[in-house]
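Please read the points below with the sequence and the model open side by side. They cover backbone geometry, a surface patch and some of the sheets.

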Amino acid sequence: MSTSPASRVENLISRSTSHLVGLLWGMLLLAATPALSADLTELSMEELLAVEVTSVGKKTQSLSDAAAAIFVISNDDIRRSGATSVPEALRMAPGLEVKRIDANKWAISARGFSNRFANKLLVLIDGRTVYTPSFSGVYWENQDVMLADIDRIEVIRGPGATLWGANAVNGVINIITRSAAATQGGLLIAGGGNEERAIGALRYGAEPAPGTFARVYAKYNARDALITSLGDDGRDEWDIGQGGFRVDSTLGSGDRVTLEGDLYRSNLRQQLEVPDPLAVPTFSDAIDDHINAEGWNLLGRWERALSVSSDVSLQLYYDHAEREEAYLDQRYDILDLDFQHRFKAAERHDIVWGLGYRNTDDRLEDTEILRITSAAENRNLWSGFVQDEIELLRDRLRLTLGTKIEHNDYTGLEIQPNIRLLWKASEQSTLWGSVSRAVRTPSQAERSASVSTNAEATGLPAPYPQVVLARTAGNSGYGSESLIAYELGLRTSPTKRLNLDLAVFYNDYDELWTTTVGDTLRVADSGRYLVLDLPFKNLASGHGYGLELAADLQVRDNWRLALAYSYLELDLTASSDSLDISNETLARTDPRQQVSLRSLMNPRPDIDLDLWIRYVDQTYPVFVQNAQPIPAYWTLDLRLAWRPRADLELALVGQNLLSESHQEGYQDAYGAVPLEVQRGLYATVRLDF
Amino acid sequence: MLPESFPTRPRRPRALIPRLLLGCVLGVASALALGGAEENELAAAYLYNFSKFVHWPSSAMRDPAAPLVLCVYGRTPAGESIGALDGKLAQGHRIRIDRLSRGDALTRCHIVYVSASESPYLNPLLRTLANRPALTVSEIPGFAAAGGMIGFVKEDNRLRFEINRGSAEAAGLSLSSQLLKLATRVQ
């Protein structure tokens, strides 16, 4: 070929009618041109001072030591994704399923089981668990961290129970905010659009005393409703306001102290279709529900270095949350105390051990739909862990052995060990493997709540009752779900500009959740309807396997491509006497294949041009019987940002651009009609002062 | 108003082909102007420069044939870039890179690069190194203020450094005036 790649690019761009196609081709061909490189050590100090810093590959290099499937979302990744919430930012991680099921609810899980009450994923914000103890799961809509002050989000797929404890079954998400020292000065973000109705965030950081840094922040987001599959307004708009602070101080002794807290209040709307055996002929009521949710938390951490190779830390937090909706009123208070000690022993051993105590005070209030026999509970969780990293061959081969032992009031003692081996085959390549066990402990709801799931006509002749109401029944014998996971991973950077991270896993589940059919039918409400109890039992088992690939290519100094691919197979079976169909559907509720491709480009240093393409395979609803599968979808986000001055950024973001709207999931609890995420456009101004 | 952080850069790139050609011709300078350099590589390049502008007491550099030992203490993303300095010449000595883990002895080091991973142990570490003729350099924020000698700081998206002259002098090291001049802060 006589033409150069560059001129082919130009021809292609000028010829193509579609800007998008041109852009994509341009990127692919540019990728073929060799990147420029320089030996910085030949520069003088004066010259070095003038060189601007980029963050090529920094992320994966610092990860090459972890013997786990870990993916890090950086502050920059979040900003350039255009995401306005943590759940949306998580879509870039491999191995995670993220579905927006209504405007204010997300179903998020790792390696399967993604539904509204996905309970096998542990989520922490600065060391504070946000996993709701009363029903197992995370209220994502209320974990509204100030995105601009997040340092990173660590997404760990696979069990993390040895370090983080129960419920870290399929993964752990660690949201880590920047220290107050790193967020000095003022920051104002304001904007809005057709779906993101209002975006506002304000932060100010200062150094009130030498060595002590502090910041305060406040933020507000209002979001538009989704659209129903029939094209009507989803009536699920919502807003959330949150404020907080963080203080980081280094004391004269070298001890480090952190104190932080947040306070939020949220108003959410949802449309429910709840079973009502007396409402002829549909046996259900439509409810236009307004949810109030609020909470606050306070966390203190103290760290001290005892010697050059040992340190201790002590952390205490208090977390309060309450939420009122049509089918459930709940409130919880958590007090958590954690102690950790790390030290080096006999040269080759890096040992960390710790003790923890958590007190949970749960209050659930009865509603028509949810009855609870043990409405107020106060539970204790005691835990201890020890982990030893053994350097078998210095800087080459490392063995990690550890276990968590914890005691909870429901299932007693739980032991969650792991063994990991990491082999640094070369400077560029690391191989790792692990076997680990984790459990998902029961929630208060599973132990003692009775929840109406559906009402149907019996078809019996009068005078027999015409309706049967099915209610799940909390079961005090319900135990933990368990997993043994086998994982293998490879991280390699064949060139300085390309980082590859591959993980494969086989998950062996046992004692999984099932609803079974009770022995007797009860007559209720003076014979007007029958009640069928569906007690929870641990009668299902199964396995999952899959593959996750993350590739990061710094094509040129001003252009980076990031690819994530996930493949998942889940096969679950309930024992025959459970008559439970939900496990079959549960296994199909996650997309088999997912792709995320991000392109982060700086055509000029003051301009960001970012593109994000996602593909999600077909999925099925969990609890909705005979529902149509949700078709596979492609979607595209674009972001254009311009910094006219170093302290000012103007950004324009288009989200879900490829279609008017698309459905991502079903609202599992009493969803009235399927909802679809719409195309959105918003603009923001970001000012540092 | 001109953008403050990149005053020397062309404000608007020309057509693609001239830029690519220019890139090939101008090599290094153009590569840097296009988008800068990786922080890790910059840190390594600075370290190499520091090794040329520090004078060690003769007790620490007795044998002219002995290597200048640069110890990388702890796990750092800059480890690989620093490793590339191995064998380079500084003040007539070959640089040797030693990778040390937490708790290893630091007695043979001329330069100790303290990784961010060691920030919880900074005080005990600096106590161990105090008055020893080893130049301490780190990416840990506040390193110079805490008693380290040279601490990297990031300002305006550029990597700069602060110097704690007192610590260096107490250890018997003398830093060249050029080094002191270029530091963002000397204390």
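1. A:Glu511 is partly exposed, with a relative accessible area of 37%, on a scale where buried means under 20%, exposed over 50% and partly exposed in between (1.4 Å probe, protein chains only). This glutamate belongs to strand β27 (residues 498–515) of chain A, and although A:Glu511 is not a glycine, its phi is positive, at about 60°. Most residues other than glycine have a negative phi.

2. On the basis of these remarks, this is a predicted model, in which local features need pLDDT of at least 70, side-chain atom pairs count only at pLDDT 80 or more, and totals for chains, interfaces and linings use all residues. Residues are numbered from 1 along each chain as its sequence is written, chains are lettered from A and ligands numbered from 1 in the order in which they are written, and side-chain values use heavy atoms, with hydrogens and water left out.

3. A:Phe283, also not a glycine, has a positive phi of about 55°. A:Phe283 sits in the loop between β14 (256–275) and β15 (284–307) of chain A, where strands (E, at least two residues) and helices (H or I, at least four) are DSSP runs numbered from the N terminus. With 11% relative accessibility, A:Phe283 counts as buried.

4. Strand β27 of chain A also holds A:Tyr506, which is partly exposed at 34% relative accessibility. A:Tyr506 is one of the residues of a nonpolar surface patch that also includes A:Leu401, A:Ile419, A:Val435, A:Ile484, A:Tyr486 and A:Tyr545, with about 570 Å² of accessible area together.

5. In chain A, 3 strands form an open antiparallel sheet in the order β12-β36-β35. Its edges are β12 (227–228) and β35 (661–663), and each has a single partner strand, so one side of each is left without a neighbour in the sheet. Strands count as paired if DSSP finds at least two bridges between them; β35(A) and β36 (residues 675–678) are joined by 3 bridges, with A:Ser661 facing A:Gln678 as its bridge partner.

6. Chain B has an open sheet of 8 strands with mixed pairing, ordered β4-β5-β3-β6-β7-β8-β9-β11. Its edge strands, β4 (89–90) and β11 (185–186), each pair on one side only. Within this chain, β3 (residues 68–73) and β5 (residues 93–100) run parallel and are joined by 6 bridges, and B:Tyr73 stands opposite B:Leu100 in β5(B).

Terms used: Patches are made of residues with over 30% relative accessible area and no salt bridge: like charges are joined within 9 Å, nonpolar side chains (Val, Leu, Ile, Met, Phe, Trp, Tyr) within 5 Å. Accessible areas come from the Shrake-Rupley method with a 1.4 Å probe; for residues, only the protein chains shown count as cover. A salt bridge is a side-chain nitrogen of Lys or Arg within 4 Å of a carboxyl oxygen of Asp or Glu.
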